[in-house]
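Hi,

Here is the structure I promised to pass on. Have a look at it first, and then read my notes below.

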Amino acid sequence: MKSDADIIVVGGGPAGSAAAIHARQSGLTVIVIEADGQPRRRPGETLHSGAASILEQLGVREAFEHAIGGRYGSIQVEWSTARSSDRGSIPLAAASGFHIFRDKLDAVLIERAETLSADVRRPCRALRPIVRDQEVVGVETDSGPLEAPFVIDASGNGNWFRKSYPSRVDVLSPRLLARYGYCRVDDLRDFGSPSIKGDQSGWQWIARVSDDTLAWVSLALPGASARPVKPTALAALADVSPTRGADVTWKRADAYSGPGFFLVGDAAFQLDPAAGHGILRAMMSGIMATYQAAAAIKGRVGPDEAAQLYRGWMAEWWRRDTSALTEMYLRLDATWDRSSSTREHHQSEEGA
């Protein structure tokens, strides 16, 4: 049957936009389905310097440089336990990292996809995958059906794909809730570098995202006593927007890819922000999924092999990140349940 495009991407965030850009750079046609008419503000505005090469590869480095709110060359860390306190500064091995509002980053990436003639449809809602003979062949949208050899789910923790396709989600941590917000500040001298402070109750992150705005994220560990949601160091500063919350429990799909589909970014797996490179992982997974889809479309590998290679790549990333996070939290609180962060809990999507 005639396809509407080589690839359909659901979601226009960093993962979806990176997938669309790489698809066009590979000579493939792509449709991006994005439910929101404009980029939304989300937590996660500090990018490690390692993102620079990915931004260069996607052709957005110059536009990104105009959108950033600042640079940083180190991260201030205070990681305290009942017995000791580790204080110090982590210098970056390469050029400095970046501060940027998330909605500006999203805008830079989706505009690049449009410049490369990706067919971006927004606002447009993906309703359900179209499945034929156990293979995903397209997407049913609120504007009608679309078909393609591959569908990439970049819908984030909305879990668009798993809600309709037979699958499960593995929950591998206690329930974790992050709070985040923004403050106005006149004197940035005390906030030149991003900082993270952790203790037995959890951790708090502060970073500058523009000349007069700070972003903060706070996470309380399970069973911790009550603590201020907003960092104490920012208590006297005026809020720019209401405090918001996000469920950042560690979750992963039971299959990152399969017949006709790939899951990228948080749609594949979600970790809490202490992992430190969620946006970088989102962009890289979008690129990798499109690379494997292109290899299958052009006959370099079979579709099953393409899906298997992607699954292995994502599984290794998950293993490294969860191991590092577990060790971080054990340093804060020896009662952190190691089994809860390594044992798979198989649940239906409705029960997750």
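**What I found**

Val-151 has Phe-261 in strand 21 as its bridge partner. That pair belongs to a parallel pairing, in which three bridges join strand 12 (residues 150–153) to strand 21 (residues 261–263). Two strands count as paired if DSSP finds at least two bridges between them. Helices (H or I, at least four residues) and strands (E, at least two) are DSSP runs, numbered from the N terminus.

Before going on, please keep in mind that this is a predicted model: local features need pLDDT of at least 70, side-chain atom pairs count only at pLDDT 80 or more, and totals for chains, interfaces and linings use all residues. Residues are numbered from 1 along each chain as its sequence is written, and side-chain values use heavy atoms, with hydrogens and water left out.

**The sheets**

In total, the protein has six helices and 23 strands.

Contact means heavy atoms within 4.5 Å.

Another open sheet has three strands in the order 9-10-11, with antiparallel pairing. Its edges are strand 9 (126–132) and strand 11 (144–147), each with a single partner strand, so one side of each is left without a neighbour in the sheet. On average, neighbouring strands here are turned by 30 degrees against each other, direction ignored. Strand 10 (residues 135–141) pairs with strand 11 over four bridges, and Glu-140 stands opposite Pro-145 in strand 11.

Take a look at strand 15 (residues 195–199) too. Four bridges join it in parallel to strand 5 (residues 74–80), with Glu-78 opposite Lys-197. Strand 15 also pairs with strand 16 (residues 202–210), this time antiparallel and over five bridges. Ser-195 stands opposite Ile-206 there, and a hairpin of two residues links strand 15 to strand 16.

**The inside**

Which residues have the most contacts inside the largest nonpolar core? They are Ile-7, Leu-58, Trp-203, Met-283 and Tyr-329, in a core of 100 residues. Helix 5 (residues 278–297) gives the largest share of this core, ten residues. Apart from it lies another core, of eight residues, including Cys-183 and Trp-216. A nonpolar core is a set of buried Ala, Val, Leu, Ile, Met, Phe, Trp, Tyr and Cys residues joined through side-chain atoms within 4.5 Å. Buried means under 20% relative accessible area, exposed over 50%, and partly exposed in between (1.4 Å probe, protein chains only).

Ile-7 touches Ala-148, Phe-150 and Ile-297, among others, not counting residues up to four places away in sequence. Buried residues make up 53% of the 352 residues in the protein.

Cheers

Notes:
Axes fitted to C-alpha atoms, helices over the stretch in contact; angles between N-to-C directions.
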